[in-house]
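Here are my notes on helix packing and the metal site. Please read them with the model open.

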Amino acid sequence: MGQSRTVAITVDDLPYASDTPKPLGLEDAKTAMAENKKMLRVFSQKHIPVTGFVIEQNVERIGNDAGRKILKTWINAGFDLGNHTYSHADSNTSSVDGFEQEIIQGESTIGPLLRSVARKPEYFRFPYNHTGNTKQKHDAIATFLAARGYRLAPCTIDNSDWEFDTAYVLAIRRHDHEKATKLLVDYLSYTAAEIDWYSKLDKQVFGYEVPHVMLLHDNRLNADILSSLVALFEQRGYRFVTLTDALKDPAYSTPETFITKFGPMWGYRWASELNVKVSGSDEPDPPTWISAYVKQTLAGSN
Ligand SMILES: [Zn+2]
């Protein structure tokens, strides 16, 4: 029974997410390298297949050499890389042409890197999971992606890790160890609640638990807590599979015609496609102190 639960891990915003109001810069290259090493060590030790989604502009921001080096580390360790646009573009506010340029430019580093090992970028993940806020835009981008050989990378579980990470980085900078420790505890229990909540949601839609796709971000928080995060899945009997294997489940062949300007997890989209009534109102929210802490800390530093 336990063995039938599977999850594919995906990590967005490579080579490193900007986790503060300040954009990434050349000075972040060293940190980015160290944090990626920490994450990859855990994934490798536990034999967890991972797909990382790259923002080309973040490669440029930490310097092309450092950026490429980090991405090479992922490839050399056997992990896959996908396209996450050039500048983390929001399709809600982009034209179709503009968004297509973002996709093409998003290949600048990963294209040649993957070709050097006889592979190519196979998966595309929309920033914010904004898959097209009008039918015309949604369909045009989907057609463009398919013609360029991409498969859409859906996701079924998120845990607002970017929000926790912003607070975590601020706490560390202020040497506020008490807050940082409390945050790690709350982050893990929130993630556990979200895993359980989304597995219930998907079961409501299909009558069985679909192979999950977990959305994480390439940040300091996840690098610091990754073993415990992985343990949440292990404790629940999940086996780690590749994105390609997860997507073999028939659930992922559900037509994709749901048009929204929001970026819901796929359980909500499937429910809408299949006319299954579900409610998101009891989905757990991150503890309110997290965003309050960020607000208060940033206000205090001005
Ligand atoms: Zn992203």
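1. H4 and H6 are roughly parallel to each other, because their axes cross at roughly 30° and angles under 35 degrees count as roughly parallel. Keep in mind that this is a predicted model. H4 covers residues 96–105 and H6 covers residues 135–147. Their axes come within 10 Å. The crossing is right-handed.

2. Which residues of H4 meet H6? On the H4 side they are Val96, Phe99, Glu100, Ile103 and Ile104. Their partners in H6 are Gln136, Lys137, Ala140, Ile141, Phe144 and Leu145. By class, this contact has 8 nonpolar, 1 polar and 2 charged residues.

3. Now the other helix pair. The axes of H1 (residues 29–45) and H9 (residues 220–235) come within 8 Å and cross at roughly 10°. That angle makes H1 roughly parallel to H9. H1 contributes Thr31, Glu35, Lys38, Met39, Val42 and Phe43 to the contact. H9 contributes Arg220, Asn222, Ala223, Asp224, Leu226, Ser227 and Val230. The residues of this contact divide into 6 nonpolar, 3 polar and 4 charged.

4. What coordinates the zinc ion? The donors are Asp13 (OD), His84 (NE2) and His88 (NE2), at 2.0 to 2.2 Å. Their spacing in sequence is D-x70-H-x3-H.

Technical notes
Residues numbered from 1 in each chain as written. Predicted model: local features only at pLDDT ≥ 70, side-chain atom pairs only at ≥ 80, totals over all residues. Heavy atoms only, no water. Axes fitted to C-alpha atoms, helices over the stretch in contact; angles between N-to-C directions. Helix = DSSP H or I, 4+ residues; strand = E, 2+ residues; numbered from the N terminus. Parallel < 35°, antiparallel > 145°, perpendicular 65-115°, else oblique. Contact = heavy atoms within 4.5 Å. Nonpolar A, V, L, I, M, F, W, Y, C, P; charged D, E, K, R; others polar. Left-handed = near helix turned anticlockwise from the far one by under 90°. Donors = N, O, S within 2.8 Å, 3.2 Å for Na, K, Ca; no water.
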